[in-house]
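Reader: I would like to learn how to read a structure like this one. Could we go through it feature by feature?

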Amino acid sequence: MGCPPRRPTQYEHSLGGMMAQTPPWHSIRQRDRNVFHDDDECPIGQEIDIKYRKMGHRCRTRCPTCTKLRAPLLTSERLARLTPL
Ligand SMILES: [Zn+2]
């Protein structure tokens with residue numbers, strides 16, 4: 001199965017798994033977008049019935065909403081790092 005491991009982005013890498021992350025999941029429903037979600041807050045992901053959810057990203061790209069939801073978090077992480085107490 002040619003599923004190359006997803007390269008972590010610079011941000012994800014710097015986080016080093018220190019926060020509890022939602023493991024990636026995707027919808028098996030045909031009408032849903034060919035993306036995976038990894039944020040509990042994602043409204044698109046929340047709309048998907050639990051019975052259509054499958055774990056794993058299956059080589060899909062990340063849902064743009066999940067990416068946006070994560071962005072502010074990552075920014076504050078960086079700020080905290082750049083501004084020591
Ligand atoms: Zn999403």
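Reader: Which residue in β4 does Phe-36 stand opposite?

Author: Phe-36 stands opposite Arg-62 in β4. Before going on, note that this is a predicted model, in which local features need pLDDT of at least 70 and side-chain atom pairs count only at pLDDT 80 or more, while totals for chains, interfaces and linings use all residues. Residues are numbered from 1 along each chain as its sequence is written.

Reader: What are the helices and strands, and how many of them are in the chain?

Author: Helices (H or I, at least four residues) and strands (E, at least two) are DSSP runs, numbered from the N terminus. The chain has three helices and four strands. Read from the N terminus on, the elements run α-β-β-α-β-β-α.

Reader: In what order do the strands form the sheet?

Author: Strands of a sheet pair through backbone hydrogen bonds, either parallel or antiparallel. Two strands count as paired if DSSP finds at least two bridges between them. Here the four strands form an open sheet with mixed pairing, in the order β3-β1-β2-β4. Because β3 and β4 stand at the edges with a single partner strand each, one side of each is left without a neighbour in the sheet. Strand β2 (residues 35-37) pairs with β4 in the parallel sense, over two bridges.

Reader: Which residues make up the largest nonpolar core?

Author: A residue is buried if 20 or more other C-beta atoms lie within 10 Å of its own, exposed if 12 or fewer, and partly exposed in between, with C-beta atoms placed from the backbone. A nonpolar core is a set of buried Ala, Val, Leu, Ile, Met, Phe, Trp, Tyr and Cys residues joined through C-beta atoms within 7 Å. The largest one here has five residues: Val-35, Phe-36, Cys-42, Cys-63 and Cys-66. Of the 85 residues in the chain, 13% are buried.

Reader: Which residues does Cys-63 touch?

Author: Two residues are in contact if their C-beta atoms, placed from the backbone, lie within 7 Å. Leaving out residues up to four places away in sequence, Cys-63 touches Val-35, Phe-36, His-37, Cys-42, Ile-44 and Gly-45. As for the chain, 59% of its contacts between residues at least 6 apart in sequence join residues at least 24 apart.

Reader: Where does Arg-58 lie, and why does Arg-58 count as partly exposed?

Author: Arg-58 lies in the loop between β3 (53-55) and β4 (61-62). Arg-58 counts as partly exposed because it has 14 C-beta neighbours inside 10 Å. Although not a glycine, Arg-58 has a positive phi of about 50°. Cys-59, found in the loop between β3 and β4, has a positive phi of about 65° and is not a glycine either.

Reader: How many residues apart in sequence are Asn-34 and Cys-59?

Author: They are 25 residues apart in sequence and 9.7 Å apart in space, C-alpha to C-alpha. Asn-34 has its place in the loop between β1 (25-27) and β2, and Asn-34 counts as exposed because 11 C-beta neighbours lie inside 10 Å.
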